[in-house]
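The entries follow in the order I looked things up.

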Amino acid sequence: MEEISKLNWYHGNITRHIAEALLMANGMEGSYLLREGSNEGTFSISVRGRESVKHFKIVKEGGIFKFGITEFDSLESLVTHFANQPLLGGNSGTLVLLKHPYPKVVEEPDNYEDIVLQSTVRSGATERDLEFQTHANSLASKEGFLTKQGWFVKNWKTRWFVLVKNELSYYSDRAKDKPIKTLNLEDCQGCWKDDSTCKNYCFRLEYPERTWYFYANTEEEMKEWMDMIKWKIKQIRKGSVRSFT
């Protein structure tokens with residue numbers, strides 16, 4: 001058990017519901033975590049597929065981990081094996097791969113306390129459920145009004161912006177369900193404060209095909225948006241470097 005507890009993607013005694021909420025809200029296809037099973041000596045690997053989370057039972061007998069009829073001498077060898085061979089998700093026939101270990105402890109941006117509250121509400125988890133975790137994994141989300149510069153016509157329009165996971169979407173107003181456009185931060189080259197537009201509290205996002213300009217109503221709001229976006233870009237760049245330890 002000591003070996004298992006050292007794995008950064010072992011989440012201990014969290015519920016099936018919390019595992020699904022974490023992976024669907026903040027993971028990606030192929031994200032996985034390990035948790036305790038319902039019976040002694042059992043564990044569950046929860047893996048996010050394209051639209052849902054699959055759960056696979058693992059039985060530990062002595063120093064051997066049994067997955068169906070296959071045996072492994074360590075969890076690392078199990079994960080390495082299935083990273084290259086798809087897992088068959090039961091009767092659904094859905095194939096999922098173990099690609100991205102979902103850590104129990106992650107870096108958090110400075111406004112961590114606000115994000116925990118959003119995580120509880122958005123994922124459907126309760127405060128009691130989150131008590132199972134030493135550190136809740138953050139959705140790192142933010143929403144609010146910003147004013148953006150147009151592309152062809154260089155005028156300025158105030159829009160409602162929503163930042164969730166790696167996507168920054170903006171809407172014509174707060175009540176709309178469908179965004180005008182969504183920017184993927186995985187393609188963003190950087191976020192900087194900008195003085196070229198002669199607008200107060202202005203910052204820009206650099207993309208290969210375009211530079212986006214925004215300004216906030218206050219310096220504090222500008223800093224909050226910039227800090228959150230920079231933090232997300234940093235996590236994206238670090239995201240491909242994951243280990244079992």
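**Entry 1: the partner of phenylalanine 161**

I looked up phenylalanine 161 and found its bridge partner in E11, tyrosine 170. The model is predicted, so I read each pairing as a feature of the prediction. Strand E10 covers residues 156–164. E10 runs antiparallel to E11, and five bridges join the two.

Next I checked the turn between them. The hairpin of E10 and E11 has two residues between the strands. Lysine 165 takes a positive phi there, near 55°.

**Entry 2: the other side of E11**

Which strand do four bridges join to E11? I found strand E12, residues 181–184, and the two run antiparallel. In this pairing, I noted serine 169 opposite threonine 182 of E12.

Then I asked how many of the five residues of E11 are buried. The count is four, so the strand, residues 167–171, is largely enclosed by the rest of the structure.

**Entry 3: negative charge on the surface**

I searched the surface for gathered charge. Glu167, Glu186, Asp187 and Glu209 form a patch of negative charge there. I followed up one member, glutamate 209. Its place is the loop between strand E14 (202–206) and strand E15 (211–215). Is glutamate 209 buried or exposed? Its relative accessibility is 54%, and exposed means over 50%, so glutamate 209 counts as exposed.

**Entry 4: the six-strand sheet**

I traced an open sheet of six strands. Its order is E5-E4-E3-E2-E1-E8, and the pairing is mixed. Which strands are at the edges? They are strand E5 (70–72) and E8, each of which pairs on one side only.

I started with E1, residues 31–36. Five of its six residues are buried, and I logged the strand as mostly covered. E1 pairs with strand E8, residues 100–101, in the parallel sense over two bridges. Serine 31 is opposite histidine 100 in E8.

With E2, the sense is antiparallel, and E1 pairs over five bridges. Here glutamate 36 stands opposite phenylalanine 43. The hairpin of E1 and E2 has five residues between the strands.

I then moved on from E2 to strand E3, residues 53–61. Seven bridges pair these two, again in the antiparallel sense. Serine 46 stands opposite histidine 55 in E3.

**Entry 5: phenylalanine 43**

I went back to phenylalanine 43, which lies in strand E2, residues 42–48. Why does phenylalanine 43 count as buried? The cut-off for buried is under 20%. Phenylalanine 43 has a relative accessible area of 6%, so it is buried.

I also took a C-alpha to C-alpha distance.

**Entry 6: salt bridges**

How many salt bridges does a search of the whole structure find? The search gives seven. I looked at several in turn.

I began with arginine 16 and glutamate 20. Their side chains meet in a salt bridge at 3.5 Å, N to O. Both residues lie in helix H2, residues 16–26. They are four residues apart, about one turn of the helix. Arginine 16 is partly exposed at a relative accessible area of 48%. Glutamate 20 is also partly exposed, with 27% relative accessibility.

I turned to lysine 66. Its side chain meets that of glutamate 61 in a salt bridge of 2.9 Å, N to O. Lysine 66 is partly exposed, at a relative accessible area of 26%. Glutamate 61 is partly exposed as well, at 44%.

Which glutamate forms a salt bridge with lysine 66 at 3.8 Å? I found glutamate 71, with 3.8 Å between the closest N and O atoms. Shared partners join Glu61, Lys66 and Glu71 into one network of salt bridges.

Notes
Residues numbered from 1 in each chain as written. Predicted model: local features only at pLDDT ≥ 70, side-chain atom pairs only at ≥ 80, totals over all residues. Heavy atoms only, no water. Buried < 20%, exposed > 50% of the residue type's maximum accessible area, 1.4 Å probe, protein only. Pairing = 2+ DSSP bridges. Patch = residues over 30% accessible without salt bridge, like charges linked within 9 Å, V, L, I, M, F, W, Y side chains within 5 Å. Areas by Shrake-Rupley, 256 points an atom, 1.4 Å probe, with all protein chains shown as cover. Salt bridge = Lys/Arg side-chain N within 4 Å of Asp/Glu carboxyl O. Lys, Arg positive; Asp, Glu negative; His and termini not counted. Charge placed at Lys NZ, Arg CZ, Asp CG, Glu CD.
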